[in-house]
Amino acid sequence: MKKQLLFVGNKFTLNRSFQRYILREVEKKSGQIDAIFFFQESDNSLFLHLEKVLLSSGTLIIVTTKSSFSVIGKLLSTVTSDNQILKEQMLIPSQTLVFEQNSYLIKHEDSTVNVLMAEEGVQLPKLLIDEEERSAIIHIFEEDVESVQAMLHPLAQTYDVRLDYTHVVSGWVKLQIQSRRYGNIAQFIASVKQLLPKKVIAASNIAVYIIEKLMHHQRKVTFAESCTGGLLASFFTRESGASNVFDGSLVTYSNSLKANWLAVSDLNLERFGAVSQEIIEEMTDGALNVSYADYALAVSGIAGPDGGTEFKPVGTIFIGARSKLDNTTEECYFEGDRNYIQEQSTYYAVKMLLLLDKETFFE
């Protein structure tokens, strides 16, 4: 069944950090959202959308402003031929199944609707949707989308699951698994791991997964970043538990800081330039030495939109991964705007960390 998220209120488009917070909380508790819609408080098309959704089977989560909370209840009551009643200082449909402060749940035929009132700077009300595990996320490495589709299509039919694929970066496929009526997600994942040993990670949040693995093995990671400007550090520190595996990193944008903080050779900087394999190798070495971590990642490149040359165009990125036992460096080329190139560089570095020590991360 499809799962939709509706934002009702202008503040959700004006305040992107608030919007992202709500989306994180909803997906954390109810799983992947299939479609997101935005409506203004006075949008006349909202009633028609609600009517259409409630006539089909699916799950609808409505996040609304304080001023529109009772209006949504009125619209739902109209669509479902119900009336509103006052409960705990809230006007809600009389057929409400369960409610808590600023949140209520109704069902209509094959549809389930959870309405929540959200305010800036305040914790999101409790989501009342059943948290039944009918979907899962896995990550497949060292394969492309086409090969993964070809290999997993027969398994999907066997275990009655539906698959959706996305290409994160080269060699990293993210896969959403949704159970059909008689689907068995757990057995499907077990079969995929058997088919692709040391290539599959079953985790909705890859950063949390890495943190937990590093904690289990009592290991730490550090970074030396240039063009990503701290995105790698942010990728991990936005998750709880990061302080157990991450002491810090160095954002060395200038050549002088690369030399002074990471002991990168001035001669090599002049000879090869900051965007080069030689410098990335010295950056990972310097980060490992200064931090005494077990793993180090480094990124240096040209994120654009300016700064490219004939030999090193915009999108040219060098990424390095180093442990106490191994070291690897790759030259990559990413397309897109500045932010997308930075984000792709970050994900590629994360992929390199995982592949650097398969025994730890794919055990």
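A residue counts as exposed when its relative accessible area is over 50%, and as buried when that area is under 20%. In this predicted model, S81 has a relative accessibility of 68% and is therefore classed as exposed. N102, at 17%, is classed as buried. Both residues have a positive phi, about 55° for S81 and about 65° for N102.

**Overall chain**

- The secondary structure of the protein chain consists of 13 helices and 17 strands.
- The C-alpha trace extends over about 75 × 45 × 40 Å along its principal axes.
- Of the 363 residues in the protein chain, 50% are buried.
- Contacts between residues at least 6 apart in sequence include 63% that link residues at least 24 apart.

**Packing of helix 5 and helix 6**

- Helix 5 covers residues 145–158 and helix 6 covers residues 185–195; their axes lie 10 Å apart and form an angle of about 150°.
- Angles over 145 degrees count as roughly antiparallel, and helix 5 and helix 6 are therefore described as roughly antiparallel to each other.
- The crossing of these two helices is right-handed.
- On the helix 5 side the contact is made by M151, L152, L155 and A156, which meet F188, S191, V192 and L195 of helix 6.
- By class, this contact comprises seven nonpolar residues and one polar residue, with no charged residues.

**Non-glycine residues with positive phi**

- S81 is not a glycine, yet its phi is positive at about 55°.
- The position of S81 is in the loop that runs between helix 4 (69–79) and strand 4 (84–87).
- N102 is likewise not a glycine and has a positive phi of about 65°.
- The loop that holds N102 lies between strand 6 (98–100) and strand 7 (103–108).

**Cis peptide bond**

- The peptide bond that joins G304 and P305 is cis, with omega at about 0°.
- P305 belongs to the loop between strand 15 (295–301) and strand 16 (316–323).

How values were computed: Residues are numbered from 1 along each chain as its sequence is written. This is a predicted model: local features need pLDDT of at least 70, side-chain atom pairs count only at pLDDT 80 or more; totals for chains, interfaces and linings use all residues. Side-chain values use heavy atoms; hydrogens and water are left out. Axes are lines fitted to C-alpha atoms, for helices over the stretch in contact, and angles run from 0 to 180 degrees between N-to-C directions. Helices (H or I, at least four residues) and strands (E, at least two) are DSSP runs, numbered from the N terminus. Angles under 35 degrees count as roughly parallel, over 145 as roughly antiparallel, 65 to 115 as roughly perpendicular and the rest as oblique. A crossing is left-handed if the near helix is turned anticlockwise from the far one by less than a right angle, and right-handed if clockwise. Contact means heavy atoms within 4.5 Å. Ala, Val, Leu, Ile, Met, Phe, Trp, Tyr, Cys and Pro count as nonpolar, Asp, Glu, Lys and Arg as charged, and the others, Gly among them, as polar. Buried means under 20% relative accessible area, exposed over 50%, partly exposed in between (1.4 Å probe, protein chains only).
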